[in-house]
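Here is a short briefing on a structure. It covers the core, a sheet, a chain contact and the domains.

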Amino acid sequence: MNVELRDIHKIFAAVHANNGINLKIPAGVIQGILGENGAGKSTLMKILSGFYQPSQGQILLDDKPVIIRSPADATRQGVGMLHQDPLDFPSMRVIDNFLIGHPGELIPDRGQAAAQLEAIQQKLGFSLRPEAHVDTLTVGERQQLEILRLLWLGVRVLILDEPTTGISALQKEKLFAALRLLAQEGKTIIFVSHKLEDVEVLCHKVAVLRQGRLIGEMLPPFNITRLVEMMFEKVITLGNRRSCCRGEISFRLNALELEDARLHIPGVSLEVQGGEVIGLAGMEGSGQALFLRACAGLVRAVGGHISINEHDLTGKPYHTYLEHGIAYLPAARLEEGLAPGMTLTEHFLLAGEARGFNIDWEQGRKVAQERIADFNIRGTPASPIEALSGGNQQRALLALLKHPLNLILLEHPTRGLDIESSIYIWDKLKERCAEGAVILFISSDLEELLQYSDRLLVFFSGEVSSPLDAERTTVEHLGQFIGGKGWAA
Amino acid sequence: MKNLRWNNFLFQLVAFLLALAFTSLIMVFAGAPPISAYVEILGGAFGSVNSLANVVVVWMPLLLVTSGLLITFTAGLWNIGIEGQITLGAIFTTAALRLLQESSLPPWLIILLAMLAGVAGGALWAVMAGLLKTFGGVNEIFGGLGLNFVATALTLWLIFGPWKRPGTGSMSGTEPFPDTLWLPQLPGLRLSPWSVIFGAAAIYLVYRLLSGTYFGLRLKAIGKNVRAAFLLGVPAWQHSLLAFALCGFFAGLAGALQVTAVYHRLIPSISSGYGFLGLLVAMLVNYQALWAAPVALFFAALNIGSIQLPIMLNLDSSLSGVLQGMLVLFVLLTEGARKRWLQKNG
Amino acid sequence: MDSATLLGLAGVLAAAAPVLFAVIGETITERAGVINLSVNGTILLSAMGGFAVAVNTGSLLLGFLAGALIGALVALVIAFSSITLQQSQVAVGFVLALVCRDLSYFLGNPYMGASGPRLPSAPIPLLGDLPLIGPLFFRQDLLTYLSYVLIFAAWAYIFKTRPGLMLQGIGERPAAAFARGADVNRLRYLYTVIGGAIIGIAGPAYSLSVKAGWKGTISGLDGIGWIALSITIFGGWNPLRAAFGAYLFALLQWLGLVLQPSLPGIPSQVLQVAPFPLMILTLLLVNIGNAEWVERALARLPENTRHALARLLRSLRAAPPAALGVPFEQE
């Protein structure tokens, strides 16, 4: 099926997520869509698959203009989407997942459905057991199930959102082989990714998005350097770098080994000096969040040791980490970091040291007033936290940090903030470094990573690079590294 | 901000009127005269010193129970097991009284020890619900309900089994205690000034606890966002258990009062439904502890006032429960409507 | 088996019928992701309402329909307040449980002790003559037969039909159900009301059959709704397992009565309530596998013990629909 997007715009409140995108994808083509987080890839795909309506613009399928009202409508019209976290029903069986939403008579013929599942999966080289429960499958197998289901529904355009995150190399091979086969049959495949290597080996054509715009398209052979430039913008002006390294080791990881349902991170060893800033780079879901939570004492390591100032914290409860001056600032501010329904004053009192049993509200308000002024928070002591803007919430989170701290762990410290707020927040963080705190932060903003880090760790599918010197790393190199290129070396 | 408060007040007024109107409609449907019914209720509650005293007899345990529930509500817990906690308070108190009544201890000390036992019983039952939730994965609603049934079963077994009256056990309860083991009462009335002292102290203490202490603040944080509270260093499950224990403490005290100040024995329905009624009061006042006092008074007055209804108008006294429930229901509904209205016009 | 025991067991099947209706109705509601906590009040109000209608019209059918209508209306209030107004399902359901109870006592006052129609026993011709099975299953009233049918119908609907699969889907992961074409909130309304209507039949099932008549607070119906809610959890949201729970409960109550003469030390009132502590214990068993510390504790055990224990817990465990009580908002 030929797909054409004409002048697609999507505006959310203040954000122009898609800005005049034009793209033609002929049948039988595997189209790569590249772009960093927030570039507008997901929005565009959600428009094509019926989750969003475009603010402006037109979608053409086989040269006929169509309106796609809902995801189910999209499947009816032949467009199916495989989500990064497959939209399936984990507690149910493979065959039930396969059947839900499939039109037909009241009582489905399971035997027949299983036979058809078998027929399609044999062709694609998958081997799912119809009676298995989906929560016992790997992510790769759950993707296979969704692909089989969408094909059974008669989908002729298949959108895959970051399908290679969290799946094994073998499963990736299977997936790619299947996609190539489908393309040969005349299906249109749209492959959304930020992994250059995957796009390079698989796609017939690549389009790059940045800040909601289509920057350009490229045909093979792909010029990786050029693609990185298109993704991340070439000119990056780095401000003055300040390093506060003190020389003595303060934070130490010894062969730290981590595991969760999706990823396995083999031994990471790291020695960090007081005052040093370590940036954790990598595409979302590559293991950096797990790593950071392990450093905070929220995830127990499978092996290895963590110590701060020569105190071994391995296997200790979260509370002990707090006592040793470790602070963790999650990315989901309102979900994890702050308590909606409580005021700024209440937050400061909660995070501060309890002085006796009774609260001195007058004192509390005074402290809140001071911190509000100190951190330039737009709000009053009585403001409920959810009424503040994102930037002010982030400042509030920083203002909640205790004094002194040995280790500050941050997830996306400046995500969604304007430039002024970002600069402000890093100034405050650098003050902490000057006092000797170590900072580990996750970011998907290459500029931020290069500007503020002393050293960088790059994560890719659970693999962790040896520390890179941020000063001697270029944007291109980092971009390729994040995309999984140049790891063999 | 001021506008918003006015708007809030307006919606609550509407809720009150709607509840009243709806209840009246039900009465009309049942062929009862609404106006006379309301007059009877008012008269029944406030018509004489005696009836007023009876209102206070209901008001105080209700206030104790509500005080406890405000703590668990603040921590985001639905302590439906409150009925059982009152009952256990009563059972433990009765047990202590039975154990000590033959002893040579002075009566005041026996009563004191018995009330302490009651408090311990209530707290124990509440902590069970908390443990079931924290370590058993059983939602506190279902754990609490189950424990309520167990408490009822225990009461019946005691009344008809080991504690049965000489001769044969009956639904009228255990053998009454001698009046030396009663909490002192006001002359000629069923009311003990001690209940008033306990009730007033409870609501004041809880008000202080929730609005003026770090403990209260931490409970609030757990109730609002348990994950954030944990990350900010609040030991979450320990605080939840403590909230349960404190709530059980007050419920147990209410149960102890039912034995020492009201019934002077253990009866099958010793909790008088104050637990569930307290849940309604706590929902209605929406975390504002001081409002619990007037609202609980209003509910108590409805309970006592409606006792007249069967005699005077041949209506069932459960009308009070209908009105109380309707009130909460309409407050919840108008609150939802208000939020939607704010979203659209905000 | 002597004929008295047989008769008693047949009585157990009949006595479990109302609870079955309540449990199946609640199971359907919760499968859709909505908790109807009002069951206890709904049963009382529909028992009273069904009885009143049957007394006034002389029609048993209208009595049962009235019960179903009352249940559906109460459920509609829950659906409206939780789905449309986004208020807490637990709060509204709990309040309704109390209001409906008091309402039934208030409105039922004139019908206290009134004599009304009662569902007659309707032995099925050939089947009823079978040895053993006949007297046990097929000499009951229509309602009991309906309860047998309901168990299997609900089970088949939920697990074997397309709409039933989608019903599981909207309670499990509404976002995924939406992506597959479900109008999640409309379906939730629908199933809440249907579930409520089925719960509503439990009321007249008492007042027109099992415990015929209306006796207000001494009808002995207060509390049954809460038990039905527990059995729903015990039943792991599966009608067959839930039916097992309901029959077990009725059996225990009957055993209490039967054993009474041989246990003079224990009063009958206690044996009547004996199943409740057992209910908690089973709730604990069903739920404990969901607790986080169990997993951690299991991890420390030696390999084979761990596997055996984990398998045991998993077979007992009942995980609620993942989106139970969680409102769904479309992106």
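**Core**

Val19(C) touches Ile224(C), Ala228(C), Ile231(C), Ala246(C), Phe249(C) and Ala250(C), leaving aside residues up to four places away in sequence; contact means C-beta atoms, placed from the backbone, within 7 Å. The model is predicted: local features need pLDDT of at least 70, side-chain atom pairs count only at pLDDT 80 or more, and totals for chains, interfaces and linings use all residues. Residues are numbered from 1 along each chain as its sequence is written, while chains are lettered from A and ligands numbered from 1 in the order in which they are written.

- Val19(C) is among the residues with the most contacts inside the largest nonpolar core, which has 362 residues.
- Such a core is a set of buried Ala, Val, Leu, Ile, Met, Phe, Trp, Tyr and Cys residues joined through C-beta atoms within 7 Å; buried means 20 or more other C-beta atoms within 10 Å of a residue's own.

**Sheet in chain A**

- An open sheet of 4 strands runs β12-β11-β14-β15 with antiparallel pairing (strands are DSSP E runs of at least two residues, numbered from the N terminus; a pair needs at least two bridges).
- β12 (264-273) and β15 (311-312) of chain A are at the edges, each with a single partner strand, so one side of each lacks a neighbour in the sheet.
- β11 (249-259) of chain A is joined to β12(A) by 7 bridges.

**Contact and domains**

- Chain A gives 16 residues and chain C 18 residues to their contact.
- Chain A is assigned domain 1 (3-232), domain 2 (235-325 + 402-489) and domain 3 (338-401), with bounds from an automatic or database assignment.

Conventions. Contact = placed C-beta atoms within 7 Å. Buried ≥ 20, exposed ≤ 12 C-beta atoms within 10 Å, placed from the backbone.
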